[in-house]
Amino acid sequence: MESEEPDNNAAETPVDWPYSGWIPTAVGRLSFRHIGDTDFPERAEYANRVDAGDFRYIVVRQYRALSDALFPSLTDTISNRSGRFVFVLTARSDQKTSNNDARIVGSVFIVPDFKPAPVAGSPGMSGQGEIASKADEAIKAINSNRSYGPDRSPEGECASIDNYLVHHTPIRIAFALSRDGVVRIAKPAFTDVELGGKSIEQAKARGVDYERYLAEQAYFFLRDVAHAHQHHEPQTDTLLGLQETDPADIEWRNRLLFALHHHVIGQRRQGDPETLTRTLGVIAYARAFEACSGKGLQGKKLVQFENDSLAQSVATSVRACEIRALETERRRAHGRAMAIWASVAVISILAIFVQPRLNLHEAEAFPRMYAISTVFAEYIVVAIGIAIMLPLAVAWRNWARQVDNRVGSMRNTLRAPLYFNSLKVSLAYIALGLVLIGYGISVYFPVIRPLVSGLLMALFAPQIE
Amino acid sequence: MLHYIAAIPAFFLGLLLIVIGLSGFRVDRTEAGKNRARIDSWTDILMGRVRPKDDWMPDSRVQCGMVYNRKEHRLEVSGRLSVESLKRGIRRAG
């Protein structure tokens, strides 16, 4: 079960590093200094320091909520599952950081939310809280020391936490990250053999290569801590995945380029300015990857894409979309201005011509108008409540119509109808919505009823001359 | 009193469900067909067991995670439609 530990200094071979991927960097040189400085998906605790010998040491700890259930807090609790994991990265540069070829080599440790049983004669597994607390202690120690003694150096702290994690965490995945963003990942090593065996067996039944799947989770974590997601939704983790390393070290690069261009072509068909503009960023990534890959291929050719023409074409589409959006906005603004103008005109007429007539002396001359104003005055609190609720409801409905605005559970609720092009599903949502609105109105109806009936009476009851 | 407090979120939630129900009419048929092929039953949607395409090409329509099954002591594959899929599914038909 446990995989061989790869030699970090060996050449990249499919045996040592069966999986290869790329952490996007538009400039072609990944900033190692920023590894760990991330808020996605949650704030990471990290230490990232260079010691007196010019070697970089990194420890990152992050909690990651990985369950994709629609309402995880409900269904995962009922089914005794947990999507909350602790990921810890320990790494160091394999050469002095001043060397351009220096890589970051280390391991990603994955800890599920379990309560390990004590094992006689062995250190046994530690729970999430204990692992996180040990990692945080190491991070704090590395960050707080300005000068390092021989026993308190970042190297010592890093080695100490690494040694602890090797013996106390169930899954370890080795990796090597190059300056150009290329990351090599080893097969996962399961310290908890039972966990590994059961996970692989269950995944195999569903047709999934679990070792690769788990390596990919480590890659997503590395990408989140080393890269800021700027040209796609941060949750869209599968835009770039891991590829299997090939002996010539070129096929996986071609596949990665295909994947980037596949994404670009898909996004071009969306037709909104934001998506198209982000697509330009992905084309820039494709160019950067071509450039960094081209350097080390010794004459072997990557598949060619006309990225200049593609970028030009996308930029033209962006402009066309912007013009269309401006035209739509102009029409809407015109409509809004007309509506405001009409409202102002009506209110002005009422204020200028009617209001002076509406007094006790003139009440007999305008009995219906007087009756309406009397009802509003009598139920002024209810009238103010309705006046607040109505615009709020309209604003909420407009806000909810935009997919981008829907977050968390709202977004998850939307996911369900997208599997079924079915009238029944849509009608079920509408019916449930009407029931809830009906409940809301029925609760407040006794409060609203006097105002409504008073207004109806004022408007339609026959006036006594 | 409790009813008065509960009625306001119920009203707004109801409004949201109606908006979502109406946007359901605009779901792209082709996309819905592809999405259905990723699940075996509606419980897969609820439990987050949507399958990504098993291919070397990354499947950006599904975001992939994992869960730990405490009862069975194993890790399980997890997945659901990505945010970009939501936009694609609704907008293209609009």
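What share of the 465 residues in chain A is buried? Buried residues make up 45% of them, where buried means under 20% relative accessible area, exposed over 50%, and partly exposed in between (1.4 Å probe, protein chains only). The model is predicted: local features need pLDDT of at least 70, side-chain atom pairs count only at pLDDT 80 or more, and totals for chains, interfaces and linings use all residues. Residues are numbered from 1 along each chain as its sequence is written, chains are lettered from A and ligands numbered from 1 in the order in which they are written, and side-chain values use heavy atoms, with hydrogens and water left out.

Chain A contains twelve helices and ten strands. Helices (H or I, at least four residues) and strands (E, at least two) are DSSP runs, numbered from the N terminus. Contact means heavy atoms within 4.5 Å. Of the contacts in chain A with a separation of 6 or more, 68% involve residues 24 or more positions apart. Helix α7 of chain A spans residues 273-295 and includes A:S293. A:S293 counts as buried because its relative accessibility is 1%. Leaving aside residues up to four places away in sequence, A:S293 touches A:R253 and A:L302.

The interface was examined next. Chain A contributes 93 residues to the contact and chain B contributes 73 residues. Between the two chains, about 8,000 Å² is buried, and carbon and sulfur atoms give 64% of this area. Buried area is the accessible area (1.4 Å probe) that two parts lose on being put together, summed over both. A:D68, A:L418 and A:Y419 supply 11% of the area that chain A buries against chain B, more than any other three residues.

Three salt bridges are counted between chain A and chain B. A salt bridge is a side-chain nitrogen of Lys or Arg within 4 Å of a carboxyl oxygen of Asp or Glu. One of them pairs A:D113 with B:R70, with the closest N and O atoms 2.9 Å apart. Helix α12 of chain A (residues 423-460) gives the largest share of the side of chain A that touches chain B, 16 residues. By class, that side of chain A has 47 nonpolar, 27 polar and 19 charged residues. Ala, Val, Leu, Ile, Met, Phe, Trp, Tyr, Cys and Pro count as nonpolar, Asp, Glu, Lys and Arg as charged, and the others, Gly among them, as polar.

A sheet also spans the two chains. This open sheet has three strands in the order β4(A)-β1(B)-β2(B), with antiparallel pairing. The edge strands, β4 of chain A and β2 (74-81) of chain B, each pair on one side only. Two strands pair if DSSP finds at least two bridges between them. Strand β4 of chain A (residues 81-82) is joined by two bridges to β1 of chain B (residues 62-69). A:S82 stands opposite B:Y68, and A:R81 has B:N69 as its bridge partner.

Within chain B, eight bridges join β1(B) to β2(B), and the two run antiparallel. B:M66 has B:V77 as its bridge partner in β2(B). The two strands form a hairpin with four residues between them. In the turn, B:H73 has a positive phi of about 55 degrees. Strand β2(B) is mostly covered, with eight of its eight residues buried.
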